[in-house]
Amino acid sequence: MSDTKYTYVFGPVHSGRLGISLGLDVLGRRICSFNCPYCEVGVTDVLTVERAPYVPANVIIGELDRFVKEGPDFDVVTLGGLGEPTLNVQFGDILSQAKALVKDRKTAVLTNSAHLDDADVRRELCLADMVLPSLDSLVEDEFKRVNRPHPSCSLDSIRQGLLDFRSMYSGTMCLEILLLDGINDTTENLDRLEDFLHHLRPDRVDVVTMTRPGTSSKIKPASAESLQRFRERLCGVGTKATSTAKKRLSSLDKKTPLGQEAAQDMIISSLRRRPQTAIDLAKAMSMDVTMIEQELAILVERGRVREKRKGDCIFFILADTMIDL
C-alpha cells in the first residue's frame, strides 16, 4: 500500500511527447509480459500474459475523480504506470470512465504491443485519443534480448497485431523504437523496421534511447550516430506527420499552490513510477525548481528518496526501488 494520498494516480509528470501527463497505474505492481532491461520502473515482479482485474476499475476511477477536483491541471491522462496496462481485464472500463471524467483533455495509452493480437484489447484501445505502442526490434534474437518477453509472446503476433489495430483505429498512433548499443541498433533491424512502417503507417515514429536508469549496468544507450541513422531512415516513412519527438509545451493558466506535505506526496507518487531529476519534477508540478530541491533534500535526509548520478544528471529514486546504474 502506498503511503501517499494517491495510490494509482501519479504525477503529473512532464512528457516530451504528451505535455503535462497525469498517469494511471492500472496494475499496482510491476506486472508485465516483458522484462526489458531498460525499464525505468524496475525489474518486472510478475512476468505474465494473463489478463486479470489487478486493480478494480472503481478504485482507480475514484482516485482520478478526486484528483480532477483537487489536483493541479494537466494536458492528458495516460494509462501506463508500473507494467503493461492492457493486462488489466477492466482496462476498457477504466479508459471509458476516465474519458468521461477528464472531459476536454486527451487520453493516451502506453503499450508494449504484445497483446494487440487480442481482439478485445484492440477494441478497448480504440477508445483512446492517442496510443503509443513500442516495437524495438523485428529480429527475433534482438527482440528477446531487448524486451525479455514472456515465453508465449510471439514477434510475428505482435507484428500482425499492430497492423490489425492500425486498420481499425481512427486516433493518433505514435510508434516508439528504443535502441540499445550493440543489441538492436543493427542494419538488419533497421531494414525490417523500414519495410514494416510502409505497411503500418503510424502518425509518428519516435526513435529514442535510454535517458533514465534501467535495471542493468550491462546495457548502454545507443550512440548518437545510431540514433541519427535510424531516424533518417524511419522518421516519416509511411507516416502522416514528422517523427521526431514533438515537445508539446503546456500552457497552464492555473497553478495550484501546494503545501509541503502535499508536494512531498506528489513527489513520492511520481518517483514511484520512474526516476526523475529535480527539473523534471518542477515542470510536471508547475513549481519552482528551488522549492522542489528543498523538498527532495528533506526526503533524502529522511531516507525515503535516494540520489543516483547518470552522466551529468542527478536522478531521484525511491529508496526501496531496485535500480542498477
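A residue counts as buried at under 20% relative accessible area, as exposed at over 50%, and as partly exposed in between, using a 1.4 Å probe and protein chains only. By this rule Y38 is buried, with a relative accessible area of 15%. The structure is a predicted model, in which local features need pLDDT of at least 70 and side-chain atom pairs count only at pLDDT 80 or more, while totals for chains, interfaces and linings use all residues. Residues are numbered from 1 along each chain as its sequence is written, and side-chain values use heavy atoms, with hydrogens and water left out.

**Overall make-up**

- The protein chain holds ten helices and eleven strands; these are DSSP runs numbered from the N terminus, helices being H or I of at least four residues and strands E of at least two.
- Of the 325 residues in the protein chain, 54% are buried.
- Contact means heavy atoms within 4.5 Å. Among contacts in the protein chain between residues at least 6 apart in sequence, 76% join residues at least 24 apart.

**Helices α5 and α6**

- Two packed helices are described by the angle between their axes and the distance between the axes.
- Helix α5 covers residues 155-168 and helix α6 residues 187-200; their axes come within 10 Å and cross at roughly 25°.
- The axes are lines fitted to C-alpha atoms, for helices over the stretch in contact, and the angles run from 0 to 180 degrees between N-to-C directions.
- The helices α5 and α6 are therefore roughly parallel to each other. Angles under 35 degrees count as roughly parallel, over 145 as roughly antiparallel, 65 to 115 as roughly perpendicular, and the rest as oblique.
- On the α5 side the contact is made by R159, L162, L163 and R166, and on the α6 side by D195, F196, H199 and L200.
- By class, this contact of α5 with α6 has four nonpolar, one polar and three charged residues. Nonpolar here covers Ala, Val, Leu, Ile, Met, Phe, Trp, Tyr, Cys and Pro; charged covers Asp, Glu, Lys and Arg; the others, Gly among them, are polar.

**Aromatic rings**

- Rings of Phe, Tyr and Trp (its six-membered ring) pair if their centres lie within 6.5 Å; planes under 30 degrees apart count as stacked, over 60 as edge-to-face, and the rest as tilted. By this rule the count comes to four aromatic pairs.
- One of the pairs is Y6 with F67, which is edge-to-face at 5.4 Å centre to centre, with 65° between the planes. Y6 lies in the segment before β1 (9-15) and F67 in helix α1 (residues 57-70), so the pair ties together parts that are 61 residues apart in sequence.
- Y6 is buried, and F67 is buried too.
- F165 and Y169 form a stacked pair, 4.7 Å centre to centre and with 20° between the planes. F165 counts as buried at 0% relative accessibility, and Y169 is buried with a relative accessible area of 6%.
- Y6, F67 and F74 form one aromatic cluster.
- The charged end of R105 sits over the ring of F74, 4.3 Å from the ring centre. For this, NZ of Lys or CZ of Arg must be within 6 Å of the ring centre and within 35 degrees of the ring normal.

**Buried residues and their surroundings**

- E63 is in helix α1 and is buried, with a relative accessible area of 8%.
- Not counting residues up to four places away in sequence, E63 touches Y6, T7, Y8 and V9. E63 and V9 are 54 residues apart in sequence but 6.5 Å apart in space, C-alpha to C-alpha.
- Q276 lies in the loop between α8 (260-271) and α9 (278-285) and counts as buried at 0% relative accessibility.
- The residues that Q276 touches, not counting those up to four places away in sequence, include V13, R212, I314, F315 and F316.
- Y38 lies in the loop between β3 (31-32) and β4 (46-47). Y38 and S217 are 179 residues apart in sequence and 9.6 Å apart in space, C-alpha to C-alpha.

**Backbone exceptions**

- Most residues other than glycine have a negative phi, and most peptide bonds are trans.
- The peptide bond from G11 to P12 is cis, with omega near 5°; P12 is in strand β1.
- S113 has a positive phi of about 75° although it is not a glycine. S113 lies in the loop between β6 (106-111) and α3 (119-125) and is buried, with a relative accessible area of 1%.
- R148 also is not a glycine, yet has a positive phi of about 45°. R148 lies in the loop between α4 (140-147) and α5 and counts as partly exposed at 34% relative accessibility.
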